[in-house]
Amino acid sequence: RAKLMQSPLFRIRDLLRAGESLRAVDIAERLQLPPELVDAGLEHWQSRGQIARLLPLVQSAAGSCQSSCAGGGCARCGQRPSAALAEPRYRWRW
């Protein structure tokens with residue numbers, strides 16, 4: 001079956017199964033799919049427990065923390081991640 005004819009859902013799966021963690025925008029770009037379609041596919045795989053959503057870390061003089069996901073900034077240092085760094089990444093669960 002040709003890759004272009006394959007379901008977008010399975011194209012997303014195959015890309016993430018390759019082992020790389022990617023942002024939704026990167027997946028859309030690589031697969032040449034509309035971002036809304038990628039978001040729906042990621043929601044599907046996440047609801048089935050097949051992918052992990054990796055939240056960004058904020059790096060500061062105080063160290064790393066995962067609180068950046070709570071309110072858009074680090075609770076320890078008040079630092080805000082850049083827009084690209086604030087986007088979650090997705091990877092296939094092995």
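This is a predicted model: local features need pLDDT of at least 70, side-chain atom pairs count only at pLDDT 80 or more; totals for chains, interfaces and linings use all residues.
Of the 94 residues in the protein, 32% are buried.

The fold is built from five helices and five strands. Followed along the sequence, these elements run in the order α-β-α-α-β-β-β-α-α-β. Contacts also reach across the chain: among those between residues at least 6 apart in sequence, 50% join residues at least 24 apart.

Spanning residues 8-17, H1 has Arg11, Ile12, Arg13, Leu15 and Leu16 as its buried residues. The cover over these residues comes from several parts of the chain, including helix H2 (24-31) and helix H3 (35-47). Strands contribute to this cover as well, among them S1 (22-23), S2 (51-54) and S5 (89-92). Just after H1, Gly19 adopts a positive phi of about 105°.

Side chains of opposite charge can pair when their charged atoms come close. The structure contains four salt bridges. One of them involves a buried residue of H1, Arg13, which pairs with Asp14 at 2.9 Å between the closest N and O atoms. Arg13 has a relative accessible area of 17% and is therefore classed as buried, the cut-off being under 20%. Asp14, at 23%, is partly exposed.

A further salt bridge links the side chains of Glu20 and Arg30, with an N to O distance of 2.9 Å. Because Glu20 sits in the loop between H1 and S1 while Arg30 belongs to helix H2, this pair ties together parts that are ten residues apart in sequence. Glu20 is partly exposed, with a relative accessibility of 36%. Arg30 also counts as partly exposed, its relative accessible area being 45%.

The side chains of Arg23 and Asp26 form another salt bridge, at 3.0 Å from N to O. Both of these residues are buried.

How values were computed:
Residues are numbered from 1 along each chain as its sequence is written. Side-chain values use heavy atoms; hydrogens and water are left out. Buried means under 20% relative accessible area, exposed over 50%, partly exposed in between (1.4 Å probe, protein chains only). Helices (H or I, at least four residues) and strands (E, at least two) are DSSP runs, numbered from the N terminus. Contact means heavy atoms within 4.5 Å.
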